[in-house]
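This report describes a model with its sequence and structure.

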Amino acid sequence: MRDDTDISRRTALGLVGSGLAGGGLVGTVVGAEEGGDSERVRVNAGYRSEAGRRAIDDRAAVVFYDHPTDILTARMSRAAVRRLRSRPDVRFVERDVEMEAIDQTTPYGIRKVDATEAHADGDTATGADVAVIDTGIDSRHPDLAGNLGEGRAFTAGVSTPAWDDANGHGTHVAGTVGAIDDDEGVIGVGPDVTLHAVKALNASGAGLVSDIAAAIEWTADQGYEVGNLSLGGGSTSTLREACRYAQEKGTLLVAAAGNDGPCSGCVTAPARYSACMAVSATDENDDLASFSSTGPEVEIAAPGDDVYSTYYLQSYATLSGTSMAAPHVAGGAAQLVADGYAPGEARSRLTETAADVGLEDTESGAGRLDVDAALGP
Amino acid sequence: MLDASLEVTVGDGVAFSFTVVNGGDTPVELTFRNTCRADFAVYDGDAEVWRYSDDRAFAQVLTEAELQPGESATFEEVWPDPTPGDYTAGATLRVVDHDLSVRTPFSV
């Protein structure tokens, strides 16, 4: 018989447990809460003899594994656990534990753009504000929550404070900009940046141009130095003028070039506007990602193929797209802002110091982002 | 081998239903370019009078799906404010490595 409540209980315990230890594997006790004798728990029971094995097997509601190490993984009542523990032919009965890797992973893109060196020099983008204009950000993500600032949602013409992420995309983008440097998950380009969730894309990852425009205008009015636009689509005067408004207010907009590649002269809006810094996508070998749009508007390139980052529902995921490239640059701009550069100066500094990786100008603009070089000696 | 069909229903708005079927005998891998998985347009002669994606923005992330033999996927959108006339509707699957478009005439 199956105890259906066990799944949610295990999940809840797993979340509590994941923040406790540093490095390696941490175990979380399963089914350790109060319960009566008849409540079933999941255990690993080791036996000394065939009689011990039979005793375990007889009392188990379900046997999951028969290990070659003379251990059975089974579900049984608490009363059965107690009785088995008193038998000399049973070596032990221990609770099954959920193992979770909690070492921090440095995604290849963070290393590639030399953000790792910047972190080692103590540059972590403290005090810089980045608006993630996207599907929202998972407010409960342990790798992001400590860096979250204000937020706002603009969806289907309505502005509300409900900016949480129901898609995952915005949470992924946010993690690349500024996932926290701790003992779990990933690390972002600027691990001490302040992230603002400006939700303008719905749960399907789409938004009206008017929503995006309102989100950009709000970002500029808040005085945030950087706005990340991992989105693209139709070009309208409303969107173009919103971007210009942000530029005049001193907000640097970093935008995904688009995923229409292989193609040329195909940079999407808003990335193609002069008020936006258009970012194409490269891969782990600094080659152009096959899906990346290219064109004269591309100013810089950054890793966008198979990028590992935070995801909604407190998880992690590997995603590809120019959406994943732009936030590396937004994080780099935040690093410069924290170092005293005005947003407009940060834009030119990032291109001046980009690494030549042998791509055409229309493919990578000035080259591939190099955060450490931009910050200088 | 992908087959496509486009159904147009004229009511308050004009509803488009774009169906893609794997008519072959092996699975087909689809990589959508962004969250605009299918785009829809309306033409008056050669002139495009409406396009679904024109006033929208989409997350620029690839997503993958696999269509098993015989399996289909349907994408739906609405042209909200049609003016009377004779038109052609067009639908395009926005995927890498496949070029799949279909057109259907209709009248409002």
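Of the 377 residues in chain A, 54% count as buried. The model is a predicted one. The secondary structure of chain A amounts to 12 helices and 18 strands. Among the contacts in chain A with a separation of 6 or more, 73% are between residues 24 or more positions apart.

Chain A is divided into two parts, domain 1 (5-101) and domain 2 (108-375). Between the C-alpha centres of domain 1 of chain A and domain 2 of chain A the distance is 45 Å.

**An open sheet**

In chain A, four strands make up an open sheet with the order β3-β4-β2-β5, and the pairing is antiparallel. The edges are taken by β3 (62-67) and β5 (90-95) of chain A; each has a single partner strand, so one side of each is left without a neighbour in the sheet. From one strand to the next, the twist averages 25°.

Strand β2 (residues 40-47) of chain A and strand β4 (residues 71-77) of chain A run antiparallel and are joined by seven bridges. Within this pairing, A:Ala45 has A:Leu72 in β4(A) as its bridge partner, and A:Arg42 stands opposite A:Arg75 in β4(A). β4(A) also pairs with β3(A), in the antiparallel sense, over five bridges. Here A:Asp66 has A:Leu72 of β4(A) as its bridge partner. As for cover, five of the seven residues of β4(A) are buried, and the strand is mostly covered.

The hairpin of β3(A) and β4(A) has three residues between the strands, and in it A:Asp70 takes a positive phi near 60°.

**Helices**

How many of the residues of helix α6 (residues 169-178) of chain A are buried? The count is 10 of the 10, so α6(A) is largely enclosed by the rest of the structure. The buried residues of α6(A) include A:His169, A:His172, A:Val173 and A:Val177, as well as A:Gly170, A:Gly175 and A:Gly178.

Two packed helices are described by the angle between their axes and the distance between the axes. For α7(A) and helix α8 (residues 237-249) of chain A, the packing angle is about 5° and the axes are 9 Å apart. α7(A) and α8(A) are therefore roughly parallel to each other. Residues of α7(A), including A:Val209, A:Ile212, A:Ala213, A:Ile216 and A:Ala220, meet residues of α8(A), among them A:Leu239, A:Ala242, A:Tyr245 and A:Ala246. By type, the residues of the contact of α7(A) with α8(A) are 10 nonpolar, three polar and two charged.

**Backbone sites**

Most residues other than glycine have a negative phi, and most peptide bonds are trans. The sites below depart from that pattern.

| Site | Feature | Value |
|---|---|---|
| A:Gly261 and A:Pro262 | cis peptide bond | omega about 0° |
| A:Ala269 to A:Pro270 | cis peptide bond | omega near 10° |
| A:Asp286 | positive phi, not a glycine | phi about 65° |
| A:Leu313 | positive phi, not a glycine | phi near 60° |

A:Pro262 lies in the loop between β14 (252-256) and β15 (276-282) of chain A. A:Pro270 likewise has its place in the loop between β14 and β15 of chain A. A:Asp286 is in the loop between β15 and β16 (298-303) of chain A. A:Leu313 is found in the loop between β17 (307-311) and β18 (315-319) of chain A.

A:Leu313 has 11 other C-beta atoms within 10 Å and is exposed.

**Contact with chain B**

The contact between the chains takes 26 residues from chain A and 15 residues from chain B. On the side of chain A that touches chain B, β11 (206-208), α7 (209-222), β13 (231-233) and α9 (322-338) each supply at least two residues. The residues of this side divide into nine nonpolar, 16 polar and one charged.

Strand pairing also links the chains: β11(A) pairs with strand β6 (residues 56-59) of chain B in the antiparallel sense, over three bridges. In this pairing, A:Leu208 has B:Arg56 of β6(B) as its bridge partner.

Terms used. Residues numbered from 1 in each chain as written. Chains lettered and ligands numbered in written order. Predicted model: local features only at pLDDT ≥ 70, side-chain atom pairs only at ≥ 80, totals over all residues. Contact = placed C-beta atoms within 7 Å. Nonpolar A, V, L, I, M, F, W, Y, C, P; charged D, E, K, R; others polar. Pairing = 2+ DSSP bridges. Domains from an automatic or database assignment. Buried ≥ 20, exposed ≤ 12 C-beta atoms within 10 Å, placed from the backbone. Axes fitted to C-alpha atoms, helices over the stretch in contact; angles between N-to-C directions. Parallel < 35°, antiparallel > 145°, perpendicular 65-115°, else oblique.
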